[in-house]
Amino acid sequence: MLPLALLSHSACTPTTALADCTGSACVNGTCACDAGWTGVRCAEAALGPATRAFTMPRTWLWGAAPARSSSNRYYAFAMALKNRCGIYHYRHNAYIVRGTATSPLGPYNFDGVALDNRSAPLFDAVEVEDPNLVALPGGGGYLLFYAGSAFPNPLPPGNHTAHLNCTASDVPDSDSQMLAEGNRIGVAFAPSLDAPFTALPDPVLRTRPGHWDSTRVSNPAALVFANGTTLLLYRGNGADPRHGNGIGVARAPHWSGPYETLLETPLFDGYAEDPTLFVGPNGVLHMLAHGELRSAGATDVGIHSVS
């Protein structure tokens, strides 16, 4: 997997096109960009004008996972906050909503709750976040990967319901770190984009004590191949100051697991989060993420990697 900020080729050859052209083809020494990409090395997203696509009254809304049905109906599965809460309180109030539209650019209209927290002692008993939608091969339905949080059992002393309603004020959530360290990755299944999602009872990816991802796993980005093998990127957190927040890789023979972590260090040499994973038209894997690349002197950037 090649982080583009570390590449400096100005020309391409067929044998080095993966790096030189970011997964696009090399034609007569020049990169011929796939649709949606531009630049000398096809590294830049060819974005159009930004538009506000999905809103809900008095509600924070972000992190949408898009989809299109066979009838050309468009969907956005997004993280939202309950109880008119602000960003400080998302660990107590996050859930996943569904929006629908007739155009990929929207506007999307609220079309119900896609996934909500469950009851204790389940791992997502307080909140669910980070939606990642995956279409199963062969029209086999849809998966919603997500991160869920719950309080530890038993709870330490204190008032742990103080921030469940935010209409009066919006002060920082004192339980944020406790719930962050409760993040685990789960997955839910639905036969169609309009059907209810049913989550597996247990997380498919947990933290690993003694490793770089020992305290938290979140931000899932999955890809299911035709043979059922599932590749899962995730954000991991731990106590090791060399890594902080990093992106890890796991693999399973089936989307429901069991997952095997493939790397003992994160993919990149710095902070990284919120990966997106997809296959380009020529079969190349693309990953987009937010973060930094310390060895390239790049901070707070968009990372584009190919494999």
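**Aromatic pairs, nonpolar cores, disulfides and strand pairing**

The count of aromatic pairs comes to 7 in this predicted model. One of them is formed by Phe54 and Tyr108.

Trp62 and Tyr90 form another aromatic pair. Here the arrangement is edge-to-face, with 6.2 Å centre to centre and 80° between the planes. Trp62 belongs to strand E6, while Tyr90 belongs to helix H2 (residues 90–93). This pair, too, links distant parts of the chain, 28 residues apart. The two partners can be set against the burial cut-off of under 20% relative accessible area. Tyr90 has a relative accessible area of 18%, so Tyr90 counts as buried. Trp62 reaches 31% and is therefore partly exposed.

Two further features involve aromatic rings. Tyr75, Phe77 and Phe197 form one aromatic cluster. Lys82 lies over the face of Tyr95, at 5.5 Å from the ring centre.

Nonpolar side chains tend to be buried together in soluble globular proteins. In this model, the largest nonpolar core has 29 residues. Phe77, Ile96, Leu115, Leu133, Leu144 and Phe197 have the most contacts inside this core. Seven strands each supply at least two of its residues: E6 (61–68), E7 (74–81), E8 (94–101), E9 (109–115), E10 (127–135), E11 (142–149) and E12 (184–190). Strand E7 gives the most, with 6 residues.

With neighbours within four places in sequence left aside, Leu115 is in contact with Tyr95, Ile96, Val128, Leu144, Tyr146, Ala188, Phe197 and Ala199. Tyr95, in this list, is also the residue whose ring face lies under Lys82. A second, separate core has 18 residues. Among them are Leu136, Trp212, Leu232 and Tyr234.

A search of the whole structure finds 3 disulfides. Cys12 and Cys26 form one of them, with their sulfur atoms 2.1 Å apart. The torsion about this S-S bond is about 85°, so the disulfide is right-handed. Cys12 lies in the loop between strand E1 (2–3) and helix H1 (17–20), and Cys26 lies in strand E2 (residues 25–27), so the pair ties together parts that are 14 residues apart in sequence. Both Cys12 and Cys26 are buried.

Another disulfide joins Cys21 to Cys31, with an S to S distance of 2.0 Å. This link is left-handed, with -80° about the S-S bond. Cys21 is in the loop between H1 and E2, and Cys31 is in strand E3 (residues 30–32), so this pair ties together parts that are 10 residues apart in sequence. Cys21 and Cys31 are both buried.

Cys33 and Cys42 are also joined by a disulfide, at 2.1 Å S to S. The link of Cys33 and Cys42 is left-handed, with -90° about the S-S bond. Cys33 is partly exposed because its relative accessible area is 31%. Cys42 has a relative accessible area of 1% and is therefore buried.

Strand pairing was examined next. An open sheet is formed by 4 strands in the order E14-E15-E16-E17, and the pairing is antiparallel. Strand E14 (216–224) and strand E17 (260–261) are the edge strands, each of which pairs on one side only. Strand E16 (residues 246–252) is joined to E17 by 2 bridges. Arg251 stands opposite Glu260 in E17.

Strands E18 (residues 272–279) and E19 (residues 285–293) are joined by 6 bridges and run antiparallel. The bridge partner of Ala272 in E19 is Gly291. The hairpin of E18 and E19 has 5 residues between the strands. In this hairpin, Gly283 takes a positive phi near 85°.

Key: Residues are numbered from 1 along each chain as its sequence is written. This is a predicted model: local features need pLDDT of at least 70, side-chain atom pairs count only at pLDDT 80 or more; totals for chains, interfaces and linings use all residues. Side-chain values use heavy atoms; hydrogens and water are left out. Two strands pair if DSSP finds at least two bridges between them. A disulfide is a pair of cysteine sulfur atoms within 2.5 Å. Buried means under 20% relative accessible area, exposed over 50%, partly exposed in between (1.4 Å probe, protein chains only). A nonpolar core is a set of buried Ala, Val, Leu, Ile, Met, Phe, Trp, Tyr and Cys residues joined through side-chain atoms within 4.5 Å. Contact means heavy atoms within 4.5 Å. Rings of Phe, Tyr and Trp (its six-membered ring) pair if their centres lie within 6.5 Å; planes under 30 degrees apart count as stacked, over 60 as edge-to-face and the rest as tilted. A charge sits over a ring if NZ of Lys or CZ of Arg is within 6 Å of the ring centre and within 35 degrees of the ring normal.
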